[in-house]
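The sequence and structure are shown first.

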Amino acid sequence: MSTFVLALQAFLFIIAVPARAADYRPEALGEVGARVEQAARAGARPVVVFDLDDTLINSRERTTRILRELGESEEVRRAFPDDAETLAATPVSRVRYYLEETFANLGIDNKPLLAQANEFWLKRFFTNDYCAKDKPVRGAVGYVSWLAKLGAKVVYLTGRDAPNMEPGTRYNLTRSRFPMSPENTLLLMKPDPKMDDTEFKKTALAAIGRLGDVVGVFENEPRNINVLHAAFPAAVAVFVDTVHSNKPDVPAADVAWVRDFRSE
Ligand SMILES: [Mg+2]
């Protein structure tokens, strides 16, 4: 066989290997519960760590509210009546991580409006007023409440920043009926909005480890679930497959995937 054919075969093999297939294992949710019970019975304090946005909280719904508001604004209705109408009727199911993808999904091809939308979104998305009205991911409230009842210390570890989002976040978690008692929960937020999310989360790991036995970690960002999994290798690591950034990471091979918090 010629070198060319071998090289061609090697090339085809490389492009034919897909990214690792999603490993959906909703039974991992029950495994975390069993680990909480086991640790509590042994007299240890079980700890479970949850990210908020797009892990427990549906941030696409927040973006939907913002896009609808933009579509209803007088200025956009005057400048782009058709696109304004589309934006004002944005369904949550069409919203993706980046507004550019969302616009494409909505069939809006309008660069000036996209630039305007990015600015409009940025001014609202990371604020108390908007996160106060957030909705949970399906099954999240029941699931986290169940773990707390079994004896878990629940840590909410979020890239949201405290200066702009703490009262809205606390109000929303309480209103949605997530466990929020100071004895059973801890909310950890970035002290500075300019900090990188993953770097902030790394700084919190040692303090989380001192709270007790970390038995479960949940994240929607591949990079962050890998950081948590490496820090707490004995915990069940769960990747919540909602939306995530386009950073190149993929969840480590032994991380379980779920779509939400319903057990099947
Ligand atoms: Mg997140």
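## Domain organisation

The protein chain is divided into domain 1, which comprises residues 22–56 and 137–258, and domain 2, which comprises residues 59–131. The C-alpha centres of domain 1 and domain 2 lie 29 Å apart. To the contact, domain 1 contributes 13 residues and domain 2 contributes 9 residues. Helix H10 (residues 162–175) supplies 6 residues, the largest share of the side of domain 1 that touches domain 2. Sorted by class, that side of domain 1 has 4 nonpolar, 6 polar and 3 charged residues.

## Overall dimensions and content

The model is predicted. Its protein chain contains 12 helices and 8 strands, and the C-alpha atoms fill a box of roughly 70 × 65 × 35 Å along the principal axes.

Of the 264 residues in the protein chain, 36% count as buried. Among contacts between residues at least 6 apart in sequence, 71% join residues at least 24 apart.

## The parallel sheet

An open sheet is formed by 6 strands in the order E5-E4-E1-E6-E7-E8, with parallel pairing. Its edge strands are E5 (185–190) and E8 (256–258), each of which pairs on one side only. Direction ignored, neighbouring strands of this sheet are turned by 20 degrees against each other on average.

The pairing may be followed from strand to strand. Strand E4 (residues 153–161) pairs with E5 in the parallel sense over 5 bridges, and in this pairing Val155 stands opposite Leu186 of E5. E1 and E4 also run parallel and are joined by 4 bridges. Val48 stands opposite Val154 in E4, while Val47 stands opposite Lys153 in E4. E1 pairs in turn with strand E6 (residues 213–219), again in the parallel sense, over 5 bridges; the bridge partner of Val49 in E6 is Val217.

## Burial of E1 and E4

Strand E1 is mostly covered, with 5 of its 5 residues buried. Pro46, Val48 and Phe50 point one way from E1, whereas Val47 and Val49 point the other way, and all are buried. Strand E4 is likewise mostly covered: 8 of its 9 residues are buried.

Leu52 lies in the loop between strand E1 (46–50) and strand E2 (57–58). This residue counts as buried because it has 26 C-beta neighbours inside 10 Å, the cut-off for burial being 20 or more.

Which residues does Leu52 contact, leaving aside its neighbours within four places in sequence? They are Ile57, Tyr156, Thr158 and Arg160. Between Leu52 and Arg96, by contrast, the separation is 44 residues in sequence and 17 Å in space, C-alpha to C-alpha.

## Helix H5 and its two sides

Helix H5 (residues 81–88) has buried residues at Asp83, Ala84 and Leu87. These residues are on the same side of H5 because they cover an arc of only 105 degrees around the axis. On the other side of H5, Pro81 and Asp82 are exposed.

Asp82, which is found in helix H5, counts as exposed because it has 9 C-beta neighbours inside 10 Å, the cut-off for exposure being 12 or fewer. Asp82 and Ile108 are 26 residues apart in sequence and 9.2 Å apart in space, C-alpha to C-alpha.

## Summary

In the predicted model, the protein chain is divided into domain 1 and domain 2, and helix H10 provides the largest share of the side of domain 1 that touches domain 2. The open sheet has parallel pairing, and within it E1 pairs with E4 and with E6. Both E1 and E4 are mostly covered. Helix H5 has Asp83, Ala84 and Leu87 buried, with Pro81 and Asp82 exposed on the other side.

Methods
Residues are numbered from 1 along each chain as its sequence is written. This is a predicted model: local features need pLDDT of at least 70, side-chain atom pairs count only at pLDDT 80 or more; totals for chains, interfaces and linings use all residues. Two strands pair if DSSP finds at least two bridges between them. Axes are lines fitted to C-alpha atoms, for helices over the stretch in contact, and angles run from 0 to 180 degrees between N-to-C directions. Two residues are in contact if their C-beta atoms, placed from the backbone, lie within 7 Å. The arc is that of the directions from the helix axis to the C-beta atoms. Domain bounds come from an automatic or database domain assignment. Ala, Val, Leu, Ile, Met, Phe, Trp, Tyr, Cys and Pro count as nonpolar, Asp, Glu, Lys and Arg as charged, and the others, Gly among them, as polar.
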